[in-house]
Amino acid sequence: MAKRSKKIVVIQKFFFGLVGLAALAVVGYALTTIVVDAPDGEFIEGKHYLVIEQPRRIRGDKVEIMEFFSYGCIHCYNFDPLLDDWLETHGDEVNMVRNPTVAGESWRLLAQTYYTMLDLDLLKETHSRIFIEIHQLGNNFRSAEEIADWFDGKGTTRAEFLTVFNSANIQRRLANADNLNRQLKIVTIPSIVVNGKYLVSINREVGPKRMLEVVDYLIKQESQPVAAPASNGG
């Protein structure tokens with residue numbers, strides 16, 4: 001009887017595994033369809049981008065581009081090279097900022113890792129490598145110690161990494177990142193907020209490549225000089 005119960009459990013796990021794979025396949029197909037079949041035309045508020053109800057105040061002369069992402073997100077991993085290529089030609093025109101999503105313990109660890117890399121000035125060397133480590137090499141980084149072991153010898157030491165990782169400064173940045181996600185109502189990633197005013201996300205009309213086309217459009221909108229009020233004469 002016990003053997004039969006175990007066999008039933010195994011069959012159930014296999015079945016649910018197939019269902020999960022099928023669901024992932026549907027999602028993958030949908031995203032591919034979005035990228036290939038996204039229609040051309042003028043970008044429309046509510047369809048290709050959203051206007052943020054409570055915009056962020058932006059300082060400085062450049063248009064701010066803020067990416068909301070997680071190293072644990074496969075779609076963010078796929079989007080990252082596109083964004084890098086885009087920055088090659090637009091990096092001097094904009095102020096690029098990244099805001100990691102803090103959702104669940106594993107993504108929180110990765111968000112904490114991002115801010116630690118930023119504090120230790122390691123982002124340029126390790127940002128893309130973290131994506132590759134997770135999504136190509138299958139390293140899931142289940143603890144701070146595992147992450148620190150990986151960083152040991154890559155521009156820092158295990159001890160130095162953990163000291164910064166667990167510092168009050170990093171905890172404050174995590175809290176700010178979480179608050180910003182909530183304030184701007186980020187529900188999917190990757191998403192891009194342009195100048196604190198416009199939210200661009202993947203949807204039925206906008207695939208990963210087209211996201212950046214919409215961003216280009218919104219940058220032009222933000223870069224246009226404000227028209228002076230008309231004179232009444234006299």
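**Terms and the values behind them**

Guide: In the protein chain, residues 24 or more positions apart account for 72% of the contacts with a separation of 6 or more, where contact means heavy atoms within 4.5 Å. Keep in mind that this is a predicted model, where local features need pLDDT of at least 70, side-chain atom pairs count only at pLDDT 80 or more, and totals for chains, interfaces and linings use all residues. Residues are numbered from 1 along each chain as its sequence is written, and side-chain values use heavy atoms, with hydrogens and water left out.

Visitor: What makes up the secondary structure of the protein chain?

Guide: There are 8 helices and 5 strands, in the order α-β-β-α-β-α-α-α-α-α-β-β-α from the N terminus. Both kinds are DSSP runs numbered from the N terminus: helices are H or I with at least four residues, strands are E with at least two.

Visitor: Why are helix 5 and helix 6 called oblique to each other?

Guide: The axes of helix 5 (residues 144-151) and helix 6 (residues 158-165) cross at roughly 135 degrees and come within 8 Å. Axes are lines fitted to C-alpha atoms, for helices over the stretch in contact, and angles run from 0 to 180 degrees between N-to-C directions. Under 35 degrees counts as roughly parallel, over 145 as roughly antiparallel, 65 to 115 as roughly perpendicular and the rest as oblique. So helix 5 and helix 6 are oblique.

Visitor: Which residues meet there?

Guide: From helix 5 come A144, E145, I147, A148, D149 and F151, and they meet R158, F161, L162 and F165 in helix 6. By class that contact has 7 nonpolar, no polar and 3 charged residues. Nonpolar covers Ala, Val, Leu, Ile, Met, Phe, Trp, Tyr, Cys and Pro; charged covers Asp, Glu, Lys and Arg; the others, Gly among them, are polar.

Visitor: And how do helix 3 and helix 6 pack, by angle and distance?

Guide: Helix 3 (residues 104-119) packs on helix 6 at about 110 degrees, with the axes 9 Å apart. That makes helix 3 and helix 6 roughly perpendicular. In helix 3, L109, Q112, T113, T116 and D119 meet F161, V164 and F165 of helix 6, and the classes here are 4 nonpolar, 3 polar and 1 charged.

Visitor: How do you know that the span of helix 3 agrees with its 16 residues?

Guide: The expected span is 1.5 Å times one less than the number of residues. For helix 3 that should be 22 Å, and its end C-alpha atoms are 23 Å apart, so the two agree. Helix 4 (residues 123-135), with 13 residues, reaches 18 Å, close to the 18 Å expected.

Visitor: Why is D92 called exposed?

Guide: Buried means under 20% relative accessible area, exposed over 50%, and partly exposed in between (1.4 Å probe, protein chains only). D92 has 72%, so it is exposed. D92 is in the loop between helix 2 and strand 3.

Visitor: Which residues of helix 4 are buried, and what covers them?

Guide: L123, T126, H127, I130, F131, E133 and I134 are buried in helix 4. Their cover includes strand 2 (63-69), helix 2 (74-90), strand 3 (94-100), helix 3 and helix 5. Over the protein chain, buried residues make up 38% of the 234 residues.
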